[in-house]
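Have a look at the picture, then read on.

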Amino acid sequence: MLEIRGLTKRYGPVTALDGATFAARPGRLLGFLGPNGAGKTTTMRCVFGLATPDEGEVRWDGRPIDATTRLRFGYMPEQRGLYPRMRVAEQLVYFGRQHGMPARDARLRAGAWLERFGLTDRAKSKLEDLSHGNQQRVQLATALVHDPVLLVLDEPFSGLDPLGVATMAEVVRERAAAGVGVVFSSHQLDLVEEVCEDVVIISRGRVVAAGAIDELKSASGRRHLDVEIAGAGSSWPADAAGAAILGRSGDAVRLLVDETVDLGELLASARAAGEVRRFSYGPPKLSELFMEAVEAGA
Amino acid sequence: MRRTTVVWLVARREILERGRSRSYLLSLLFTVFLLVAGFVLPALVMGDASTLRLALVGDAPAGLQPALAATAKAYDAKLEISAVPDRRAAEVALAAKAIDGALQVPADLSSAGTLLVQQRVDATLQGITGGAVIALRAGSTAVPPAMEVLDPPRDSDTTAIIFANAGIILMFIGIFTYGTWVLTGVVEEKQSRVVEVILSTVRPRDLLMGKVLGIGVLAIAQLVVLVAAGITASQLSGRLVLPPTTLGAVIQLLTWFILGFAFYSTAMGALGALASRPDEANNAAMPVTMSATLFYILSIVFVTQEPSGVLARVLTFLPLSAPMVVPLRAALGAIEPWEVVASIAVMVAAILLLFEAGARVYAGAVLQGGGRMKLRDAWRASR
């Protein structure tokens, strides 16, 4: 298990991290969220020793992390980068060996990942000759080649086409299923909601929300009610007691209601107004929780 | 154990990636070609220069001239024979380089006589004259003419100076050609952002060391090929007589090339991390290239003039100048063995210190985006 404990990092007058604390459990996908400049990249850099925290520490399986432990981690930085003129397969073998793999294993694993990503025929190409999407795949393979016990991916989905997003999601899910801890940052909150089990939301260097997405959602007192009544226009609800109108579009209306609201009564009132085409009740979306948490933390 | 592997992996990558590059192989071929051409072409064009010019002094024995001609033929050499009236005239002609040697043999062949030369004797000329005189005096003891060198070369002979200077120039060019590879290599890794991936497993110091080591191996390979080609070509074309100090000088040169390269390229690599684009790299490395040029000029001008002077002795122990000054003084035979040993010790210590300091600057600077960074900020940024 990866534990981030009270990390604080200042760059001159700027406080990038301000006592950030959270944990990433093995076999779970953790979405690491936060506005730009919240401290996501700095946290990841602290995990890999690329930044030294002023206070706090990073622990792995209960012990402070060191260079040997880090060799078993895989990292995909936000600023992608590999050797442009190096051949793809040699590049993967090189990084595998730098993680302590014997040459033979490194070659086998590099070959296996290239096959997985459909890049076997490009193994001998120079990286710069590959398309952008394929370069991204090689970058992911670089983080995976040594079969890491923890994957830390900074914005892995940014710049990918839908096909690339699907492959990426499939691979991280599969790794998590194999017991690997996966931490990734993203601004695509719908995607995170779909892929992840856990989230950590960070704002201004502090963790403002953390936990399983389902739990966070049910812990939130807010519920959304989406109702669409044919031909009702803006006439329904006539009496919005206990509900706030979040927005309207044609015959559809979105309400913010309290957990304790009487749904039966609301449905009856809707049916009285016309033909009910949609009546959906549920917790807020992750993106709404995110906005709420970030605003509350500000 | 693990660290050695890491450094070696980095070095190996540099050797494989750059050593296979067309530019490296072409530059290797090109320099060898230039060197060989430099020796072989003049020998082909100026074939006449190999004609040996011998003057016979006073009354030469009858039959000496035909004997010389016959022996020259056996040696497959061109011999041009003239006559001078006396020894004085022979000395004048030798000093003017009008002839390569003057042979004085008594007309009655009572002795083997004397072969006069100016600075050093041509081995073929010595062989021809010796063979001819011994053949003429068949029956007497087989002794060749005695040799007399009118103006024997002194210790600080020009050949030694030329050799020393050529060595220093070669070294200076080599260090900075390959030092620039380290410099641009560092900037390219920073620019392509691959450095963040590498540094998540490799320590900055090991990365810098591996880079210097790998590129150093390529540099030494080129130097060795160059020196070997030069010596072979000079021997084959017979245009240059190597001084007896050649082997020692070559060893000194290689040793100091390695030390100088390690020192200068580490400094250049660390400073290169301050730049964010390749075109800034040369500016960033300016302090190193400038001081190296300064010390290079100091060594060429002052140390050559006074190789045992106070300045030369001081420069021997400064890491910035030692790689140029020590081999220069050694080639001129003006350095004590203890000075060489002490200077190497100072140099090795300086290189190790520089790896620590350079790695710190490197670590502080290499992950920073934005424009060019100040040395002081980089130093503070790490830790």
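Of the 298 residues in chain A, 41% count as buried, where buried asks for 20 or more other C-beta atoms within 10 Å of the residue's own, 12 or fewer makes a residue exposed, anything in between is partly exposed, and C-beta atoms are placed from the backbone. All of this is a predicted model, so local features need pLDDT of at least 70 and side-chain atom pairs count only at pLDDT 80 or more, while totals for chains, interfaces and linings use all residues. As for labels, residues are numbered from 1 along each chain as its sequence is written, and chains are lettered from A and ligands numbered from 1 in the order in which they are written.

Chain A has 10 helices and 14 strands, taken as DSSP runs numbered from the N terminus (H or I with at least four residues for helices, E with at least two for strands).

Helix H1 of chain A (residues 40-47) is mostly covered, with eight of its eight residues buried. Among them are A:Lys40, A:Arg45 and A:Met44. Just after H1(A), A:Gly49 adopts a positive phi of about 70°.

Over in chain B there are 15 helices and five strands, and 38% of the 383 residues are buried. For contacts at least 6 apart in sequence, 77% join residues at least 24 apart. The mean pLDDT of chain B (the predictor's confidence in each residue, from 0 to 100) is 83, and 89% of the residues score at least 70.

Now for where the chains meet. The predictor gives the complex an ipTM of 0.82 and a pTM of 0.76. On the chain B side, 15 residues touch 20 residues of chain A. Helices H1 (2-19) and H7 (194-199) of chain B each supply at least two residues of that side. By class, it has seven nonpolar, three polar and five charged residues; Ala, Val, Leu, Ile, Met, Phe, Trp, Tyr, Cys and Pro are nonpolar, Asp, Glu, Lys and Arg charged, and the others, Gly among them, polar.

Axes are lines fitted to C-alpha atoms, for helices over the stretch in contact, and angles run from 0 to 180 degrees between N-to-C directions.

| Helix pair | Angle | Axis distance |
|---|---|---|
| H3(A) (88-98) and H1(B) | about 165° | 10 Å |
| H3(B) (64-74) and H5(B) (123-136) | about 130° | 8 Å |

That makes H3(A) roughly antiparallel to H1(B), whereas H3(B) and H5(B) are oblique (under 35 degrees is roughly parallel, over 145 roughly antiparallel, 65 to 115 roughly perpendicular, the rest oblique).

H3(A) and H1(B) cross left-handed, meaning that the near helix is turned anticlockwise from the far one by less than a right angle, with clockwise being right-handed. A:Tyr94, A:Arg97 and A:Gln98 meet B:Val6, B:Leu9 and B:Arg13 there, which splits into three nonpolar, one polar and two charged.

H3(B) passes H5(B) in a right-handed crossing. Residues making this contact include B:Leu64, B:Leu68 and B:Thr71 of H3(B), plus B:Ile128, B:Gly131 and B:Leu136 of H5(B). The classes come to eight nonpolar, two polar and no charged.

Technical notes:
Contact = placed C-beta atoms within 7 Å.
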